[in-house]
Amino acid sequence: MKRKRLGDLLVENGIITGEQLAEALNYQKQNGKRLGDALVQLGLLTYEQLIEVLEFQLGIPHINLYKFHLDEKTINLISSDTAKRFSVVPLKLQNGRLTLAMADPLDVVAIDEISRTTGYEIEPVIATPDEIQRVLDHHYGIKESVDKVIKNLEENKDIEKEMEAIEKLKEMVDDAPIVRVVNSIIEQAIRDGASDIHIEPAKDKLVIRFRIDGILHDIMKSPKHTHPVIVSRLKIMANMDIAERRLPQDNRFQTMISGREVDVRVSTLPTIYGEKMVLRILDTSSLILDINKLGMEQENFQRFKEIISKPNGIFLVTGPTGCGKTTTLYSLLSYFNSREKNIVTIEDPVEYRLEGINQVNVMPKIGLNFAEGLRSILRQDPDIVMVGEIRDKETAEIAIRAALTGHMVLSTLHTNDAPSALNRLVDMGLPPFLVASAINGVMAQRLVRKICSSCNGIGCGQCNNTGYKGRAAIHEVLVLDDEIRKGLMAGWSSKQLKDMAIKKGMRTLYQDGLAKVKQGVTTEEEVLKVAYGEEF
């Protein structure tokens, strides 16, 4: 059967005019694009319209690659160069017919060439270019760059010995292959929505893992001798000492990824098999600083607004590392940010730079800790002060003094629930009456993984077959009223304070999590992972 050309088909079906086709063909010629991409980029149609025409007029099936289980053996039937050049993904081989997902299923050149090189008859199906690109990036991304690095390194079998010479190492880390592999690692981490990259040396290999939605996933393994050059390249990017391998180091760097600036915080730790490195990705372009988008249930949000509406006093956010405390505090800073207010923070370290807010990094090596920094901030005529974390009695005392002299203070603590934060401050040695007077409220929070909306939890390419994609917060908001304050001054335990708060309407982390389970946002298993120790 003679296939019609895409442009003719679209004109025949009244989707575009002959003049628009001519415009798109000219754009295609000048920019080297496929016709479908040219039409979409010119705004003459959408990919959905294109798919509809191909599916209903020619009977070419449309497939959602995110929901399709991809077989690595089948994908490898064609080379990465061919897959990228034609924007195709091999899906299934059956009875001598190769099902091929294509951005342009009318591309006769692609079909003929792949049929010739594989020896199979091609059965095209249509998928969006974004879906195909994501699959290709995931399948070939880092692996391709690493293979080139390995090939270069293995040209000299004694390369590990040579790399003891720092000058030799400096020469190697600027080579194009290692630059590409490091960039590929960071780019893939951002595409996959990773918060951290772990580069871990083992006895006989290098393992790279991404933390996605709070869970670590193995991404790749490579020969051990690739470890020194990858770590050294990242050290140079972060302006760290590549000759120092015995002591921990930390710093940060900025890089451009897909046209947007990304901050990367780098930390090294000497282990018995070499330096382990962790990269924390701080992507400001994906950060939404809006208190209305913190995912609070209406009841909790009203309590939260009640606390932050008070002009002075302390508001604490509690929870373990990685539970979203920083995002909550930054959202509050953004909410309060105006030219009429002097807002100052002291953090360890500053994670995101916020315009209009004065941010200070602690520097313990020169004596600038939270307590000293907070003392200095209070001489700067602040309206609102954010202290990254209350770690000791001295910092807590200064924060309380600031709150009692007319300042709003925002900070964090590491406690399991909201009421425990009050007792933690008392345990630090602060008089209960001062704690009761200064604290306006405490919010505990956790992050739970959200059920993947593409597959409803079954597992698909979009969620890496985990059934989860993205995270949502659950909250426990404690408002200090007269009864809670009296109980604290009377020496009540955390459980007694919690029981009273629940009696007065506080929703526990577990209860808030169950509400999100009922809404279909997450699963009870996820809630139980983070709402441990609850009285059910």
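Predicted model: local features only at pLDDT ≥ 70, side-chain atom pairs only at ≥ 80, totals over all residues.
Residues are numbered from 1 along each chain as its sequence is written, and side-chain values use heavy atoms, with hydrogens and water left out.

The protein chain has 22 helices and 16 strands, these being DSSP runs numbered from the N terminus (H or I of at least four residues for helices, E of at least two for strands). Its C-alpha atoms fill a box of roughly 85 × 60 × 45 Å along the principal axes. Of the 536 residues in the protein chain, 49% are buried, with buried meaning under 20% relative accessible area, exposed over 50% and partly exposed in between (1.4 Å probe, protein chains only). Among contacts (heavy atoms within 4.5 Å) in the protein chain between residues at least 6 apart in sequence, 61% join residues at least 24 apart.

Strands β2 and β3 pair in the parallel sense over 6 bridges, and Arg-97 stands opposite Glu-121 in β3. In the loop between β1 (88-94) and β2 (97-102) is Asn-95, a residue other than glycine whose phi has a positive value, near 55°; Asn-95 is exposed, with a relative accessible area of 75%.

A second open sheet holds 7 strands in the order β12-β11-β13-β14-β10-β15-β16, again with mixed pairing. Its edge strands, β12 (358-361) and β16 (468-479), each pair on one side only, and the twist averages 20° from one strand to the next. Strand β15 (residues 439-451) pairs with β16 in the antiparallel sense over 10 bridges, and Ile-451 stands opposite Tyr-468 in β16. Helix α21 (residues 509-518) packs on the sheet by touching β15 and β16, and its direction makes about 140° with that of β16. In the loop between β11 (343-347) and β12 is Pro-349, and the peptide bond from Asp-348 to Pro-349 is cis, with omega near -10°.

For residues 378-392, UniProt lists "domain: Bacterial type II secretion system protein E" in an unreviewed entry; such annotations may be inferred rather than shown by experiment, feature names are shortened, and positions are given in the numbering used here. This span is 0% helix and 27% strand, and its end C-alpha atoms lie 18 Å apart. Asp-381 has its place in the loop between α15 (370-377) and β13 (384-387). The phi of Asp-381 is near 55°, a positive value in a residue other than glycine, and Asp-381 is exposed, with a relative accessible area of 62%.

The largest nonpolar core has 48 residues, of which Ile-314, Leu-316, Leu-422, Leu-425 and Ile-439 touch the most other members; such a core is a set of buried Ala, Val, Leu, Ile, Met, Phe, Trp, Tyr and Cys residues joined through side-chain atoms within 4.5 Å. Helix α16 (residues 393-404) gives the most to this core, with 6 residues. Apart from it lies another core, of 29 residues, among them Ala-189, Ile-199, Val-231 and Val-264. Leaving aside neighbours within four places in sequence, Ile-439 is in contact with Ile-314, Leu-316, Leu-422, Leu-425, Leu-480 and Arg-485.

Helices α19 and α20 pack at an angle of about 170°, with their axes 10 Å apart. That makes α19 roughly antiparallel to α20, a label for angles over 145 degrees, whereas those under 35 count as roughly parallel, 65 to 115 as roughly perpendicular and the rest as oblique. Ser-493 is in the loop between α19 (482-489) and α20 (494-503) and is partly exposed, with a relative accessible area of 32%.

Technical notes:
Pairing = 2+ DSSP bridges. Axes fitted to C-alpha atoms, helices over the stretch in contact; angles between N-to-C directions.
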